[in-house]
Amino acid sequence: MSGHSKWATTKHRKAAQDAKRSALFSKLSRNITVAAKEGGDPNPDNNASLAAAIEKAKGYSLPKDKIKTAIDKAFGSGKDAANYETVVYEGYGPCGVAIYCEALTDNRNRTAADVRAAFTHAGGNLGTSGSVSYMFERKGQIMVPKEVETGDKKHPMGPNGAAADEEEFEMAVIEAGGDDYEDADEEWIVYTQPSDLMAVKKALEEQGVQVKGAEMTMEATTPATVTANDAKKVMRLVDRLEELEDLQNVYHTMDITEEIAAALEEE
């Protein structure tokens, strides 16, 4: 295992998403609704996809009442019925960087037109199904803060169990069944097999480690090397895609080095 970070690659993405909290909450709610409906059960204990969707939402502080409303919508009728479908879009952005998009939409034609326009505007092109998916691998991802609130006014933050020490945390991850972890400054990111996500999360919590959130992600298996200037072009496309209401997740194969991460922070 290694604690070295690929996460420097995405830190500023989280900040950008937080700045668009209203749109983010809408996407998280839609994700919960679809997971509940497709799993056929409103109880996350019996619906693994719903459990993962709820954990992801909690990681972004989606209120409990919105989570409940999203679940209820999955089993509503008439105007309250949810008619979303899952659609994947694949293509290439500037400099041949592969882009993989996951959407939840109630109008496939509208979403396809919006995605195609974003690619075209950025100088990329939308591909066919399977054109870039082979460059990614599905992973479970768990966010673990190194420090947590203590409730003590004099010392408001304290160590999060084994997460406060890398050697101890590595042993905790191994014992929990995690595949790997990386250092993300104020938190650790633990990677798991998709089917093991919730089990590893539970095992960490049973060791006294508080977890901030858990979700599914797609990790590039063949990172693409680009210049700082080209990286900015790619991220403009990613930003444009992420702003689309129907798109839930946007992944790319661009290898973001420390130099490129610094250049992106200047954007």
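Biologist: At roughly what angle do the axes of helix 8 and helix 9 cross?
Modeller: This is a predicted model: local features need pLDDT of at least 70, side-chain atom pairs count only at pLDDT 80 or more, and totals for chains, interfaces and linings use all residues. Helices (H or I, at least four residues) and strands (E, at least two) are DSSP runs numbered from the N terminus, while axes are lines fitted to C-alpha atoms, for helices over the stretch in contact, with angles from 0 to 180 degrees between N-to-C directions. The axes of helix 8 (residues 228-242) and helix 9 (residues 258-265) come within 9 Å, and they cross at roughly 55 degrees.

Biologist: Which class does that put helix 8 in, relative to helix 9?
Modeller: Under 35 degrees counts as roughly parallel, over 145 as roughly antiparallel, 65 to 115 as roughly perpendicular and the rest as oblique. The axes cross at roughly 55 degrees. That makes helix 8, relative to helix 9, oblique.

Biologist: Which residues of helix 9 meet helix 8?
Modeller: Residues are numbered from 1 along each chain as its sequence is written, and side-chain values use heavy atoms, with hydrogens and water left out. Contact means heavy atoms within 4.5 Å. From helix 8 come Ala228, Ala231, Lys232 and Met235; in helix 9 they meet Ile260, Ala263 and Leu264.

Biologist: How are helix 6 and helix 7 placed relative to each other?
Modeller: Helix 6 (residues 166-176) and helix 7 (residues 197-206) have axes that come within 8 Å. Those axes cross at roughly 130 degrees. The two helices are therefore oblique.

Biologist: Which residues of helix 7 meet helix 6?
Modeller: Helix 6 brings Ala172, Val173 and Ala176. Across from them, helix 7 brings Val200, Ala203 and Leu204.

Biologist: On to the rings. How many aromatic pairs are there?
Modeller: Rings of Phe, Tyr and Trp (its six-membered ring) pair if their centres lie within 6.5 Å; planes under 30 degrees apart are stacked, over 60 edge-to-face and the rest tilted. By this rule, the number of aromatic pairs is four.

Biologist: Why does the pair of Tyr100 and Phe136 fall in its geometry class, and what is that class?
Modeller: The ring centres of Tyr100 and Phe136 are 5.7 Å apart. Their planes stand at 45 degrees, so the pair is tilted.

Biologist: How many residues apart are Tyr100 and Phe136?
Modeller: The pair links distant parts of the chain. Tyr100 is in strand 2 (residues 98-105) and Phe136 in strand 4 (residues 136-145). Their separation is 36 residues.

Biologist: Is Phe136 buried or exposed?
Modeller: Buried means under 20% relative accessible area, exposed over 50%, partly exposed in between (1.4 Å probe, protein chains only). Tyr100 has 9% and is buried. Phe136 has 8%, so Phe136 is buried.

Biologist: Which residues form one aromatic cluster with Trp188?
Modeller: Tyr181 is buried at 3% relative accessible area, and Trp188 is buried at 3%. One aromatic cluster holds Trp188 with Phe169 and Tyr181.

Biologist: How far from the ring centre of Trp188 is the charged end of Lys146?
Modeller: A charge sits over a ring if NZ of Lys or CZ of Arg is within 6 Å of the ring centre and within 35 degrees of the ring normal. The charged end of Lys146 sits over the ring of Trp188, and its distance from the centre is 4.4 Å.

Biologist: Which residues does Glu147 touch, beyond four places in sequence?
Modeller: Glu147 is in strand 5 (residues 147-149). Glu147 is partly exposed at 46% relative accessibility. Its C-alpha is 7.6 Å from that of Glu186, 39 residues away along the chain. Beyond four places in sequence, Glu147 touches Met157, Gly158 and Asn160.

Biologist: What is the phi of Asp185?
Modeller: Asp185 is in the loop between strand 7 (180-184) and strand 8 (187-192). Asp185 is partly exposed, with a relative accessible area of 47%. Asp185 is not a glycine, yet its phi is positive, at about 65 degrees.

Biologist: Which residues does Pro44 contact, leaving aside neighbours within four places?
Modeller: Pro44 is in the loop between helix 2 (21-39) and helix 3 (48-59). Pro44 is partly exposed at 32% relative accessible area. Leaving those neighbours aside, Pro44 contacts Leu50, Ala51 and Ile54.

Biologist: What share of the protein chain's residues is buried?
Modeller: The protein chain has nine helices and 10 strands. Of its 267 residues, the buried share is 46%.
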